[in-house]
Amino acid sequence: MPGTDLQELVARGMKAADSGRTAAALECFERVVRLQSTPANWSYLAFCLARERRQFEHATRLCEEAVRREPHSSVLYLNLGKVHLLAGRKDDAIRTFRQGLLYERNALIESELRRLGLRKPPVLSFLAREHPVNKYLGIVLKKLKIR
């Protein structure tokens with residue numbers, strides 16, 4: 001298969017996975033990983049396996065290996081977080097999403113966190129969230145784009 005056909009197959013699989021058509025994406029990525037073994041391809045395959053075949057442990061291992069090989073790619077953390085959510089491990093998913101945002105900004109991760117309705121931890125953890133110091137420090141840090 002020439003390189004452009006492979007790239008088209010990867011693009012088609014990613015588009016299908018991102019739009020919720022994981023059965024079609026699974027077919028694409030099962031073919032793709034045989035031809036091009038990259039962490040991103042394995043990560044998408046793992047997400048599709050978790051969604052379509054409910055193979056959560058196998059999918060988690062594949063995603064974790066992909067993250068280990070390429071730790072600075074937020075897309076890999078996005079897929080691992082989605083696998084955790086599918087497996088019912090919300091806390092692990094939140095931790096994974098936040099870890100992915102440490103490496104690069106990703107609108108899809110941010111939307112997943114918003115969908116989950118999460119708030120950032122208080123600036124000063126030894127004070128209550130409602131304490132005026134925490135409240136105003138959080139506002140100032142957000143406006144400065146530090147938080």
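A: Happy to! Let's start with Arg 95, which is exposed, with a relative accessible area of 51% (buried means under 20% relative accessible area, exposed over 50%, and partly exposed in between, using a 1.4 Å probe and protein chains only). Before going on, a word on what you are looking at: this is a predicted model, where local features need pLDDT of at least 70, side-chain atom pairs count only at pLDDT 80 or more, and totals for chains, interfaces and linings use all residues. Residues are numbered from 1 along each chain as its sequence is written, and side-chain values use heavy atoms, with hydrogens and water left out.

Now for the partner of Arg 95. Side chains of opposite charge can pair when their charged atoms come close. Arg 95 does this with Asp 92 in a salt bridge, at 2.8 Å from N to O (the rule asks for a side-chain nitrogen of Lys or Arg within 4 Å of a carboxyl oxygen of Asp or Glu). The two residues are 3 apart in helix H6, so about one helical turn separates them (helices, H or I, of at least four residues, and strands, E, of at least two, are DSSP runs numbered from the N terminus). Asp 92 is partly exposed, at 26% relative accessible area.

Within it, Arg 89 forms a salt bridge with Glu 57, and their closest N and O atoms are 3.4 Å apart. Arg 89 sits in the loop between helix H5 (74-86) and helix H6 (90-103), while Glu 57 is in helix H4 (residues 56-69), so this pair ties together parts that are 32 residues apart in sequence. Arg 89 is partly exposed, with a relative accessible area of 22%.

Arg 105 is exposed, with 71% relative accessible area. By the same rule, the count comes to 8 salt bridges.

Finally, the surroundings. Over residues 74-107 the chain is 82% helix and 0% strand, with the end C-alpha atoms 10 Å apart.
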